[in-house]
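Keep the sequence and the 3D view open, try each task yourself, and then follow the solution step by step.

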Amino acid sequence: ANVLPPHDKYSHFLLTLYVQFPLIYGLLLSAWKALLGVLTMTFGFVLALFSRNIFVILTAPFVYVILENFILASLSSATYRFVTAFEPTCRVYINLGSFIVGPVLMCLVIGAIILYYTKVKRQAIYTI
């Protein structure tokens, strides 16, 4: 029979916390997912500051996540995807770096958008 070893069957980030204190684990995971949601919302908010196209504002954060997943999976860096930061029970190897890299990449993209609109296009946030 093809049976998975115990470390593969129950692979969670912070496994001892998951087993011994599931309520605290759930609260920490919920807080982390909320932080990632706020980061995605911030991406849309920054686009809303500079763009009047509602289609771009509403779809760009999700298109970014899809493109990031595709590019990083193509580069064999699947552990650093933004989606990996969402779910600690996925089947790729997860460490502290995999939780940090995806959100940092999104912050860099948000910063690049701000720099592009303010320095290259010389566009103000509030146009009168």
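A residue is called buried when its relative accessible area is under 20%, exposed when that area is over 50%, and partly exposed in between. Please keep in mind that this is a predicted model.

**Exercise 1. Get an overview.**
Find out how many helices and strands the protein has, and what percentage of its residues count as buried.

Solution. 
- Step 1: Go through the secondary structure, which comes to 6 helices and 0 strands. Along the sequence this reads as α-α-α-α-α-α.
- Step 2: Turn to burial. The protein has 128 residues, and 25% of them count as buried.
- Step 3: The accessible surface is about 8800 Å², and carbon and sulfur atoms hold 73% of it.
- Step 4: Check how far along the chain the contacts reach. Among contacts with a separation of 6 or more, 51% are between residues 24 or more positions apart.

**Exercise 2. Classify the aromatic pairs.**
Count the aromatic pairs, then work out whether Phe43 and Tyr64 are stacked or edge-to-face.

Solution. 
- Step 1: The structure holds 3 aromatic pairs.
- Step 2: For Phe43 and Tyr64, the ring centres are 5.6 Å apart and the planes meet at 75°, so this pair is edge-to-face. The cut-off for that label is an angle over 60 degrees.
- Step 3: Phe43 is in helix H3 (residues 22-50) and Tyr64 is in helix H4, 21 residues apart, and the pair links distant parts of the chain.
- Step 4: Check their burial. Phe43 has 5% relative accessibility, so it counts as buried. Tyr64, at 12%, is buried as well.
- Step 5: Compare with Phe50 and Tyr117. Their ring centres are 5.0 Å apart and their planes are at 5°, so this pair is stacked. Phe50 is in helix H3 and Tyr117 in helix H6 (residues 96-120), so the pair ties together parts 67 residues apart in sequence.
- Step 6: Both Phe50 and Tyr117 are buried. Ring pairs join Phe50, Tyr116 and Tyr117 into a cluster.

**Exercise 3. Explore the core and a surface patch.**
Which residues have the most contacts inside the largest nonpolar core, and which residues form a nonpolar patch on the surface?

Solution. 
- Step 1: The largest nonpolar core has 13 residues, and those with the most contacts inside it are Phe43, Val46, Leu47, Tyr64, Met106, Ile110 and Ile113.
- Step 2: Ask which helices contribute. H3, H4 and H6 each supply at least two residues of this core, and the largest share, 5 residues, comes from H3.
- Step 3: Zoom in on Phe43. Not counting residues up to four places away in sequence, Phe43 touches Ala60, Pro61, Tyr64, Val109, Ile110 and Ile113.
- Step 4: In soluble globular proteins, nonpolar side chains tend to be buried together.
- Step 5: Move to the surface, where Val63, Leu67, Phe70, Ile71 and Leu75 form a nonpolar patch with about 510 Å² of accessible area together. Leu67 lies in helix H4 (residues 54-74), and its relative accessibility is 46%, so Leu67 counts as partly exposed.

Technical notes:
Residues are numbered from 1 along each chain as its sequence is written. This is a predicted model: local features need pLDDT of at least 70, side-chain atom pairs count only at pLDDT 80 or more; totals for chains, interfaces and linings use all residues. Side-chain values use heavy atoms; hydrogens and water are left out. Patches are made of residues with over 30% relative accessible area and no salt bridge: like charges are joined within 9 Å, nonpolar side chains (Val, Leu, Ile, Met, Phe, Trp, Tyr) within 5 Å. Accessible areas come from the Shrake-Rupley method with a 1.4 Å probe; for residues, only the protein chains shown count as cover. A salt bridge is a side-chain nitrogen of Lys or Arg within 4 Å of a carboxyl oxygen of Asp or Glu. Helices (H or I, at least four residues) and strands (E, at least two) are DSSP runs, numbered from the N terminus. Buried means under 20% relative accessible area, exposed over 50%, partly exposed in between (1.4 Å probe, protein chains only). Rings of Phe, Tyr and Trp (its six-membered ring) pair if their centres lie within 6.5 Å; planes under 30 degrees apart count as stacked, over 60 as edge-to-face and the rest as tilted. A nonpolar core is a set of buried Ala, Val, Leu, Ile, Met, Phe, Trp, Tyr and Cys residues joined through side-chain atoms within 4.5 Å. Contact means heavy atoms within 4.5 Å.
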